[in-house]
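Hi everyone, thanks for coming. I'd like to walk you through one structure today, so let's get it up on the screen.

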Amino acid sequence: MRTKVILIILCAMLISSVSYASPSFKDVGADHWAFQSINDLAIKGIITGYADGSFKPSATITRAELATILVRAGGLKAEKDEFEIEYSDVSADAWYAANIEAAEEYLIGDIRDGKHVYEPEREATREEMTTAVVRLLGYSLVDSKLAYVDRFNDKDEIWAGFIPYVSIAVEKGIISGYKDNTFRPKVPVSRAEAAYIIWKAYGEGTKLQAYRPSGVNPQVKKFEGDWNTIGSDELSIALSFADSSNGSITFFSEGEGTTRLFTYFQNKTDSIVIHLEENEKTTNMILALQDDNTVNLEVVLGNTYTLKRVPANGDSTSSAAENSLDLKAFEGEWWDKDKVFGFEIKATGPDSGTIEYIDRFSITELFTVVSSNTKSIVIQIGDSKKEVSLTLFTQDTLMYIDGSFTHDMSRK
């Protein structure tokens, strides 16, 4: 009973609203003015929705969220493995730290009270996003014809440094004003507007490539696997990494698992910070390896646990092959709860098989297993080398993670 109570409390702390992309959202119908742009960008993994299937098109975006969109749309990558954040209000372990660093040339910070600040949680404005997108596309200010802002009655409200970028964006058809001939430069950007601006900037989506994370950092693979509290069953978890910034953690109690998605930041070789969202709050968990089979887990502002790696057969000297999940456990046809996304897996060998995506178009691809533990596998698909994570909850339920796409699946 003690185990169950502790895990219920811990899981309640960590219940997240981490978002996932979907080709359709329950609150964005075909008659929504930004339907096409939202759908196109979601399918490509540039933007994401929420776990309840909504997109919240009227909600505003923060500067940290805008930086993330710019990174995905532009295929940007941080130049360093360990980030040197220069902003006084951006912690190196924040989920958005890497994105801010990668996009800072396009979405700049500011100086306040002698400090360099980024204001990551502040709402992004129309003039800020317009400028960032024009910079991202590489347009030269030499090409700017400032007369394009003369049409706006509130042109004097546009910050002088942004006027050339706004002018280029209007000329190129990336953004326009309102029916009352205003631009409203200081108005926060909505999620629908952000999708539409990016979509227009890239030729109504035709020039956008699907967002492909750079792959799992090999340094974090050592954290992957199953872990139990030393000397007791107080805490039992399984960790799986889907790409260079995302993964899933499963908390187990009496044979049942509760899985939450996370983003992570690796600030040292043997430690990472896992970031989970709780509605408007966030929770960070610090994982620090003591050796290959021992990890300390600290819930920030909470408890600290020391956990031991758990091989499949309970023998600490077992081989990797003995500590892996049989591919045949994943064989069969799987569908999400809305029956809009499905696939069938067939094993052709102990570490290879085929995956057939079953939706509007049926596509079959070869895959190989690149890593596994007792509850999940990571497969590499075809020539694209795309990696997909599959985590079993029960015999008939699993979580599918493909970059920004996440689906809870049930066996047909």
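**A salt-bridge network, and a helix pair**

Let's start with the charged side chains: R63, D110, R112, E119, R122 and E128 are linked in a network of salt bridges. By salt bridge I mean a side-chain nitrogen of Lys or Arg within 4 Å of a carboxyl oxygen of Asp or Glu. Before I go on, this is a predicted model, where local features need pLDDT of at least 70, side-chain atom pairs count only at pLDDT 80 or more, and totals for chains, interfaces and linings use all residues. Residues are numbered from 1 along each chain as its sequence is written, and side-chain values use heavy atoms, with hydrogens and water left out.

R112 pairs with E119, and their closest N and O atoms are 3.2 Å apart. For R122 and E128, the closest N and O atoms are 2.7 Å apart.

So how open are these residues? I'll say buried for under 20% relative accessible area, exposed for over 50%, and partly exposed in between, using a 1.4 Å probe and protein chains only.

Another salt bridge joins E224 and K221, at 2.9 Å from N to O. Here E224 is buried, at 12%, and K221 is partly exposed, at 28%. How many salt bridges turn up in the whole structure? The search finds 15.

Now for the helices. Those are DSSP runs of H or I, at least four residues long, while strands are runs of E, at least two, and both are numbered from the N terminus. Helix α5, residues 126-137, packs against helix α6, residues 163-171, at about 75 degrees, with the axes 8 Å apart. The axes are lines fitted to C-alpha atoms over the stretch in contact, and angles run from 0 to 180 degrees between N-to-C directions. That makes α5 and α6 roughly perpendicular, a label used for 65 to 115 degrees.

Who makes the contact, meaning heavy atoms within 4.5 Å? On α5 we have T130, T131, V134 and R135, and on α6 there are Y165, V166, I168 and A169.

Last stop: I111 sits in strand β1, residues 110-112. With 53% relative accessibility, I111 counts as exposed. Its C-alpha atom is 9.5 Å from that of Y87, 24 residues away along the chain.

Key. Angles under 35 degrees count as roughly parallel, over 145 as roughly antiparallel, 65 to 115 as roughly perpendicular and the rest as oblique. Contact means heavy atoms within 4.5 Å.
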